[in-house]
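Q: Please take a close look at one part of this model and describe how it sits in the rest of the chain. Which residues face inward, which face outward, and what lies around them?

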Amino acid sequence: NITISMSRKGNCWDNAVMERFFGSLKSERTDGITYLTRQQAKNDVIEYIEMFYNTDRLHSTLGYLSPVVFEKQQNIISL
């Protein structure tokens with residue numbers, strides 16, 4: 001039940017969420033780092049997502065909660 005985005009070319013709002021994520025990834029983690037291998041870069045990005053972005057980083061659109069805490073609260077509320 002996924003709807004593919006098919007808006008006009010150059011519509012920046014289509015990818016705003018992903019653009020924001022990649023901006024955060026670059027500014028908070030990868031700027032200034034030279035990875036020796038693709039695997040090293042992959043491991044660092046995975047660590048950023050799983051160990052910081054989803055668990056510790058506060059997101060203003062989630063009421064300044066981390067995604068993990070926000071999701072836990074939503075599951076409690078929906079029960």
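A: **Helix α1**

α1 has 15 residues and spans 20 Å between its first and last C-alpha, close to the 21 Å expected at 1.5 Å a residue (1.5 Å times one less than the number of residues). The model is predicted, so local features need pLDDT of at least 70 and side-chain atom pairs count only at pLDDT 80 or more, while totals for chains, interfaces and linings use all residues. Residues are numbered from 1 along each chain as its sequence is written, and side-chain values use heavy atoms, leaving out hydrogens and water.

The chain holds 3 helices and 0 strands (DSSP runs, H or I of at least four residues for helices and E of at least two for strands, numbered from the N terminus). From the N terminus on, the order is α-α-α. Of the 79 residues of the chain, 14% are buried (under 20% relative accessible area; exposed is over 50%, partly exposed in between, with a 1.4 Å probe and protein chains only).

Within α1, the buried residues are Phe21, Ser24, Leu25 and Thr30. They lie on the same side of α1, because they cover an arc of only 145 degrees around the axis (taken from the directions from the helix axis to the C-beta atoms). The face turned away from this buried side carries the exposed residues Glu19, Arg20 and Ser27. The cover over the buried residues of α1 includes α2 (38-53).

Serine 24 belongs to helix α1 and has a relative accessible area of 2%. Leaving aside residues up to four places away in sequence, serine 24 touches Arg29, Tyr48, Tyr53 and Arg57 (contact means heavy atoms within 4.5 Å). Across the chain, 22% of the contacts with a separation of 6 or more are between residues 24 or more positions apart.

α1 (residues 16-30) also supplies 5 residues to the lining of the largest pocket, the largest share. The volume of this pocket is about 280 Å³. Its lining consists of Val17, Met18, Arg20, Phe21, Ser24, Tyr53, Arg57, Leu58, His59, Ser60 and Thr61. Sorted by class, the lining of the pocket has 5 nonpolar, 4 polar and 2 charged residues. A pocket here is an open set of points on a 1 Å grid where a 1.4 Å probe fits, with protein on both sides within 12 Å along at least five of seven lines; lining residues have an atom within 4 Å of a point.

After α1 comes glycine 32, whose phi is positive, near 85 degrees.

Notes: Points joined across faces, edges and corners; volume = space filled by probe spheres on them. Nonpolar A, V, L, I, M, F, W, Y, C, P; charged D, E, K, R; others polar.
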